[in-house]
Amino acid sequence: MKRHRFEPARLLTGLTATGVGGAYVGEAAGAWDLPGALPVLAVPAGLCLSGITAAVWAAVRRHRAASAGGGQE
């Protein structure tokens with residue numbers, strides 16, 4: 001199986017989608033009663049958090065690459 005590099009932004013996006021989906025399933029099953037705006041607001045909040053995480057992760061990768069390659073010349 002091919003290994004993929006770790007991407008925390010994708011993990012957060014998947015967890016957000018799973019959480020909102022689970023909230024809708026619980027609501028439909030009658031397990032709990034959620035406020036109507038909560039799942040609708042959770043999606044953009046999760047996507048914003050994923051975007052911030054992706055930007056920070058890219059900066060960390062660039063910093064690591066620059067520091068690893070800078071001393072070889």
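Buried here means under 20% relative accessible area, exposed means over 50%, and partly exposed is in between (1.4 Å probe, protein chains only). The model is predicted: local features need pLDDT of at least 70, side-chain atom pairs count only at pLDDT 80 or more, and totals for chains, interfaces and linings use all residues. Residues are numbered from 1 along each chain as its sequence is written, and side-chain values use heavy atoms, leaving out hydrogens and water.

Q: What makes W57 partly exposed?
A: W57 has a relative accessible area of 25%.

Q: Why is the pair of F6 and W57 called edge-to-face?
A: Rings of Phe, Tyr and Trp (its six-membered ring) pair if their centres lie within 6.5 Å; planes under 30 degrees apart are stacked, over 60 edge-to-face, and the rest tilted. Here the centres are 5.9 Å apart and the planes sit at 90°, so edge-to-face it is. This pair links distant parts of the chain, with F6 in the segment before α1 and W57 in helix α2 (residues 37-70), 51 residues apart. Helices are DSSP runs (H or I, at least four residues), numbered from the N terminus.

Q: Which residues of α1 are buried?
A: They are P8, A9, T16, V20, A23 and G26.

Q: How do you know that they're on the same side of α1?
A: They cover an arc of only 125° around the axis, taken from the directions from the helix axis to the C-beta atoms, so they share one side. On the other side, R10, A17, T18, V25, A28 and A29 are exposed.

Conventions:
Helices (H or I, at least four residues) and strands (E, at least two) are DSSP runs, numbered from the N terminus.
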